[in-house]
Amino acid sequence: FKDVQSLQREVKCITGSFSIHADDGTTTLASGAVGVTSVSTFGSDTGVCTITLDDKYSKFLGAQITYTDAAFLAAKLPVAFVASETVTTTKTVVLRFANADDGGLSANADLGGDTVHFMIWVKNSGVD
């Protein structure tokens, strides 16, 4: 771990990115993603993916998700948010992509060719 300035002790930032393939909803984790074991495929669960971390952490503090929209599908404009997290047990953060136009889950084609960038903030200790 490298030093990060924080008002709490043992705050860690896990960063990375992955690309989404429009034809089948599979994902490819970019090289250089640190602290991440895998990113699930969207597959039939359209608009939902799971980031699996290398380690367990004592507390989930939050996440920042942005993406590079390759096609700029103005009719959809997916919004990304954290649907759930289990960093203390199964080491996962579940992302959900919903369309801004109607709130429905984004189809693989809506996100195809896009690159999702994430920063996940966790606490590595029970000590405040």
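Predicted model: local features only at pLDDT ≥ 70, side-chain atom pairs only at ≥ 80, totals over all residues.

Visitor: What makes E5 and E8 paired strands?

Guide: Two strands pair if at least two bridges are found between them. E5 and E8 are joined by 9 bridges, so they count as a pair under that rule. The two strands run antiparallel.

Visitor: Which strands make up the open sheet, and in what order?

Guide: There are 4 strands, in the order E2-E1-E8-E5, with antiparallel pairing. From one strand to the next, the twist averages 25 degrees.

Visitor: Why do strand E2 and strand E5 stand at the edges?

Guide: Strand E2 (27-29) and strand E5 (59-68) each have a single partner strand, so one side of each has no neighbour in the sheet.

Visitor: And what does the whole protein look like, read along the sequence?

Guide: The pattern is β-β-β-β-β-β-β-α-β. That comes from 1 helix and 8 strands.

Visitor: Let's zoom in on strand E1. Why is serine 17 called buried?

Guide: The cut-off for buried is under 20% relative accessible area. Serine 17 has 15% relative accessibility, so it counts as buried. This residue is found in strand E1.

Visitor: Which residues is serine 17 in contact with, leaving aside its neighbours within four places in sequence?

Guide: Serine 17 is in contact with Thr28, Leu29, Ala30, Thr115, Val116, His117 and Phe118.

Visitor: How many aromatic pairs does a search of the whole structure find?

Guide: The search finds 1 aromatic pair.

Visitor: What makes phenylalanine 18 and phenylalanine 118 a pair, and why is the pair tilted?

Guide: Two checks here. Rings pair if their centres lie within 6.5 Å, and these centres are 6.2 Å apart, so the two rings pass. Next come the planes: under 30 degrees would be stacked and over 60 would be edge-to-face. The planes of phenylalanine 18 and phenylalanine 118 are at 40 degrees, so the pair is tilted.

Visitor: Where in the chain do the two rings sit?

Guide: Phenylalanine 18 is in strand E1 and phenylalanine 118 is in strand E8, 100 residues apart, so the pair links distant parts of the chain.

Visitor: Are those two residues buried or exposed?

Guide: Phenylalanine 18 has a relative accessible area of 0%, and phenylalanine 118 has 3% relative accessibility. With buried meaning under 20%, both get that label.

Visitor: Which residues touch the most other members of the largest nonpolar core?

Guide: The core has 19 residues, and those touching the most other members are Ile14, Phe18, Val36, Ile51, Leu53, Leu95 and Ile120. E1, E3, E4, E7 and E8 each supply at least two residues. E8 gives the most, with 4 residues.

Visitor: How much of the whole protein counts as buried?

Guide: Of its 128 residues, 34% count as buried.

Note on methods. Residues numbered from 1 in each chain as written. Heavy atoms only, no water. Buried < 20%, exposed > 50% of the residue type's maximum accessible area, 1.4 Å probe, protein only. Core = buried A, V, L, I, M, F, W, Y, C linked by side-chain atoms within 4.5 Å. Axes fitted to C-alpha atoms, helices over the stretch in contact; angles between N-to-C directions. Contact = heavy atoms within 4.5 Å. Phe/Tyr/Trp six-rings, centres within 6.5 Å; stacked < 30°, edge-to-face > 60°.
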